[in-house]
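Subject: Structure handover

Hello,

Here is the structure you were going to look at. My notes on it follow below.

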Amino acid sequence: MSKLRILYVANEIQPFLQTSEVADFVRKLPQAMQERGMEIRILVPRFGLINERKNRLHEVVRLSGINISVGEEEKPLVIKVASIPNAKLQVYFIDNEDYFHRKSVFFDKEDNFYEDNDERAIFFCKGVLETVKKLGWAPDIVHCNDWMTSLIPLYLKTTYKNDPIFQNTRSVFTIYNNAFAHQFGADLLDKVKMMDIEDSMLENLKSADFAGFIKTGAEYADAVIRAEEEASDVLSNLFSEIGQGKTVSTIEKDDDFLDSYYNLYNELVG
């Protein structure tokens with residue numbers, strides 16, 4: 001049996017950046033799966049808080065240079081890479097001057113949610129898939145973590161479904177307690193749309209809020225995981241809504257945690 005190829009996508013990873021538990025999860029699980037014989041790639045945004053010199057990031061010229069469309073605009077995609085100290089893991093960073101060079105993640109100094117966080121998420125999700133295509137590396141599983149990655153399952157089931165790199169790819173979407181109150185503009189659906197995406201496919205996203213992103217990720221993913229037993233009221237309501245159409249599993253961080261993910265990946269690939 002050939003090695004399973006797992007692509008992890010998240011908005012943060014230790015030791016480069018940590019704002020929530022996502023960073024720890026995406027640091028530990030890929031290494032554990034690699035130690036069990038799986039082939040791993042990791043992609044995250046290069047937020048401005050990440051010190052390039054200290055973390056020894058350098059540009060991968062052969063992967064950079066694509067333009068990613070977000071609505072009417074096209075933005076250049078820059079790919080950087082760094083190694084995780086004391087682990088045989090490389091992390092690829094999605095970068096763009098307009099979206100990721102500010103010295104904060106989702107909120108400004110006055111604690112206001114950035115108005116263009118939707119565009120940053122769209123750019124990131126499209127950039128991930130285009131980078132993997134350019135790598136020529138066909139993942140068996142794409143494991144998406146948190147709301148910023150939630151459009152990837154949609155794109156895999158629509159625009160990229162016939163691409164040779166992704167035609168056999170399954171997706172996992174893990175949901176975290178990282179809700180936000182902001183509502184995006186009415187043009188969100190137009191910015192999200194790509195080839196082979198009908199308006200009806202974006203029904204959940206019409207709310208243009210956190211719930212809309214989460215429901216969209218859950219709708220198109222092949223497996224949906226809740227990261228924690230205890231959920232906020234917002235998430236509890238969301239889980240009950242999602243659960244009417246899809247099973248939401250909880251994988252507890254106990255002694256069987258790594259086995260559970262290993263088995264899940266193998267079951268999805270069949």
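One aromatic cluster is formed by F47, Y99, F100, F106, F107, F113, F123, W147, F180, F184, F210 and F213. The aromatic pairs come to 24; rings of Phe, Tyr and Trp (its six-membered ring) pair if their centres lie within 6.5 Å, and planes under 30 degrees apart count as stacked, over 60 as edge-to-face and the rest as tilted. F113 and F184 make a tilted pair, at 6.0 Å centre to centre and 50 degrees between the planes. F113 is in the loop between α3 and α4, and F184 is in the loop between β9 (170–175) and α6 (188–192), so this pair ties together parts 71 residues apart in sequence. Helices (H or I, at least four residues) and strands (E, at least two) are DSSP runs, numbered from the N terminus.

F184 and F213 also pair. Their ring centres are 5.8 Å apart and their planes are at 75 degrees, so the pair is edge-to-face. F213 sits in helix α7 (residues 210–220), so the parts tied together here are 29 residues apart in sequence. F184 is buried at 6% relative accessibility, and F213 is buried at 0%. Buried means under 20% relative accessible area, exposed over 50%, partly exposed in between (1.4 Å probe, protein chains only).

A note on provenance. This is a predicted model: local features need pLDDT of at least 70, side-chain atom pairs count only at pLDDT 80 or more, and totals for chains, interfaces and linings use all residues. Residues are numbered from 1 along each chain as its sequence is written, and side-chain values use heavy atoms, with hydrogens and water left out.

Two charges sit on rings. K75 lies over the face of Y99, 5.2 Å from the ring centre. The charged end of R36 is over the ring of Y262, 5.6 Å from its centre. The rule: NZ of Lys or CZ of Arg within 6 Å of the ring centre and within 35 degrees of the ring normal.

Now the cysteines. The whole structure has 0 disulfides (a pair of cysteine sulfur atoms within 2.5 Å). For C125, the nearest cysteine sulfur is that of C144, 7.2 Å away. C125 is buried, with a relative accessible area of 0%. C144 is buried too, at 0%.

Last, the backbone. Q14 and P15 are joined by a cis peptide bond, with omega about 0 degrees. P15 is in the loop between β1 (5–9) and α1 (22–35). N86 is not a glycine, yet its phi is positive, near 65 degrees. N86 is exposed, at 80% relative accessibility.

Best wishes
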